[in-house]
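Subject: Structure for you, with notes

Hi,

Here is the structure I promised to send over. My notes follow below it.

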Amino acid sequence: MNFMRTQFFNKNAKYVLAVSAALLSTTPLSSQTVPDNGVPQTGLNIPEELTIFGKNDPNVRRATALINGDIITGTDVEHRLALIIAANGGDVSDEERVRLRAQVLSNLIDETLQIQEAEANEIVISNEEIEQTFNQVAQQNFKQDVEAFDRYLRTRGSSTDTLKRQIKGELAWSRLLRRNIQPFINVGDDEVNSIIERLNASKGTTEYRIGEIYMSASPDAAEQVAVNMRKILDQIRQGGSFVAYARQFSEASTAATGGDLGWVRPAQLPQSLAEAATQMQIGQVVGPIEVPGGFSILYLIDQRQILTADPRNAVLSLKQLAISFPADTTEEQATARAAQFASATQNIKGCGAANEVAASIGAQVVDNDQVRLRDLPGPLQNTIAQLPIGQASQPFGSVADGVRVLILCGRDDPQSAAAPSFDQIMSQLENERVNKRARIYLRDLRRDAIIEYN
């Protein structure tokens with residue numbers, strides 16, 4: 001099962017409006033005439049010594065455009081830009097804002113082409129569908145009702161209209177692909193069975209859950225794309241949302257899911273990505289990494305052994321004992337109190353005695369019997385994984401947050417992992433092929449579009 005980097009939602013594709021150097025000459029470079037002065041002859045009567053009047057920055061475009069007759073206004077660009085900045089903490093440099101604005105305009109161009117093509121195929125996205133999806137985004141992603149979400153967007157300089165337009169583009173493009181491409185995709189049973197056999201043969205080897213931001217780059221634009229990706233990487237490392245940047249800027253089909261590739265084996269990735277993934281720590285972000293056709297930023301979300309039970313999926317029954325310190329507590333006083341707390345908790349004999357000990361030292365008790373080991377902070381995972389049932393962990397915390405211990409009351413170890421089903425694998429293969437066709441489809445729409453910048 002080869003991993004394919006493809007386009008599913010055009011909002012994430014980078015639109016490049018450029019004139020190929022090949023158009024300047026119909027003669028291959030290798031066969032062009034080069035005179036003694038070393039300047040190739042283009043047939044355009046260009047002087048050897050020249051002065052360029054004015055400055056043209058390819059990364060800065062006017063914030064309005066006309067796409068096959070449909071207008072993208074400066075307000076459209078600013079509202080979408082504000083949405084991105086809000087999703088990334090609201091703090092970007094002026095230089096980064098300029099770069100983001102240019103990328104947003106490119107995204108909106110692609111989004112407009114999506115909607116236009118869907119309408120040309122008589123695909124209509126109702127207002128009810130858009131509102132339903134918008135409500136889900138407000139509640140699931142922002143934990144707010146629609147009115148509160150609307151106020152939040154307006155205070156950030158954005159609007160509900162820009163998000164609803166993005167939703168419309170995604171729904172329209174998805175439906176168009178299901179109608180015009182998906183019916184013509186075929187996956188044979190032999191292909192699926194071959195993948196199942198390879199999975200079984202790979203049992204016990206490591207696979208990785210990876211997030212990716214991919215941007216294509218022609219040879220002449222590679223340096224600038226790499227610079228832009230390094231700026232994105234810096235923003236993420238400073239606390240920006242990887243998911244938000246992937247949704248807006250990645251050209252891969254996984255942009256719609258925040259760049260999540262799912263679980264992949266190194267053999268499914270380009271060699272440069274495979275080498276990087278095997279050397280990364282969980283939670284690490286690296287890049288830009290050169291791959292065929294462009295560059296990628298990788299985020300290692302998780303890793304596991306194929307078809308092998310992951311100990312971190314164990315479900316724990318925990319009891320937490322905690323003490324806090326008054327605001328005027330000195331570090332010396334906190335240290336003494338923490339030592340007393342540690343001495344008392346380390347002598348606990350099972351969870352049944354925890355409440356009595358807590359009462360004797362003035363500690364608070366919290367019970368939770370549905371905690372997955374992998375959901376604990378990294379430093380605690382190894383400690384709790386090796387803890388015998390009935391014993392307490394070493395104390396942890398700070399003067400500001402208080403000190404606490406965890407007592408392991410029980411552990412339900414995970415069952416052996418099962419291979420994906422026949423239908424799941426077939427669906428994944430079909431999606432990969434649909435996405436590959438979709439990228440070609442979008443490329444053709446860009447090529448045929450009439451785009452005017454105002």
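Phe134, Phe149 and Tyr152 are linked by ring pairs into a cluster. Please bear in mind that this is a predicted model.

The charged end of Lys164 sits over the ring of Phe134, 5.0 Å from the ring centre.

Aromatic pairs

The count comes to 5 aromatic pairs. Phe149 and Tyr152 form one of them: their ring centres are 6.5 Å apart and their planes meet at 15 degrees. An angle under 30 degrees counts as stacked, so this pair is stacked. Both residues belong to helix H4, residues 146-155. They are 3 residues apart there, which means about one helical turn separates them. Phe149 has 0% relative accessibility, so Phe149 counts as buried.

Phe242 and Tyr299 make a tilted pair. Their ring centres lie 5.2 Å apart, with the planes at 50 degrees. Which parts of the chain does this pair tie together? Phe242 lies in helix H8 (residues 242-249) and Tyr299 in strand S6 (residues 294-305), so the pair joins parts that are 57 residues apart in sequence. Phe242 is buried, at 7% relative accessibility. Tyr299 is partly exposed, at 26%.

There is another charge over a ring elsewhere. Arg304 lies over the face of Trp263, 3.9 Å from the ring centre.

Helix H8

Is H8 largely enclosed or largely open? It is largely enclosed by the rest of the structure, because 6 of its 8 residues are buried. The buried residues are Phe242, Ala244, Tyr245, Ala246, Gln248 and Phe249. What covers them includes H1, H2, helix H5 (160-180), S3, H7 and S6.

Nonpolar cores

The largest nonpolar core has 32 residues. Ile213, Ile232, Tyr245 and Ile297 have the most contacts inside this core.

A second core is separate and has 23 residues. It includes Val137, Ile167, Ile181 and Tyr441.

Arg80 is in helix H1, residues 74-87. Is Arg80 buried or exposed? Arg80 counts as buried, because its relative accessibility is 1% and the cut-off for buried is under 20%. Which residues does Arg80 contact, leaving aside neighbours within four places in sequence? They are Val104, Leu108, Glu111, Thr162, Arg165, Gln166 and Gln248. Gln248 is also one of the buried residues of H8.

Leu321 is in strand S7, residues 315-323. Leu321 is buried, with a relative accessible area of 0%. Not counting residues up to four places away in sequence, Leu321 touches Phe341, Thr345, Ile348, Ala354, Ala358, Ala363, Gln364, Val365, Val403, Arg404, Val405 and Ile407. Leu321 and Asn355 are 34 residues apart in sequence. In space, they are 8.6 Å apart, C-alpha to C-alpha.

Best wishes

Note on methods. Residues numbered from 1 in each chain as written. Predicted model: local features only at pLDDT ≥ 70, side-chain atom pairs only at ≥ 80, totals over all residues. Heavy atoms only, no water. Phe/Tyr/Trp six-rings, centres within 6.5 Å; stacked < 30°, edge-to-face > 60°. Helix = DSSP H or I, 4+ residues; strand = E, 2+ residues; numbered from the N terminus. Buried < 20%, exposed > 50% of the residue type's maximum accessible area, 1.4 Å probe, protein only. Lys NZ or Arg CZ within 6 Å of the ring centre and 35° of its normal. Contact = heavy atoms within 4.5 Å. Core = buried A, V, L, I, M, F, W, Y, C linked by side-chain atoms within 4.5 Å.
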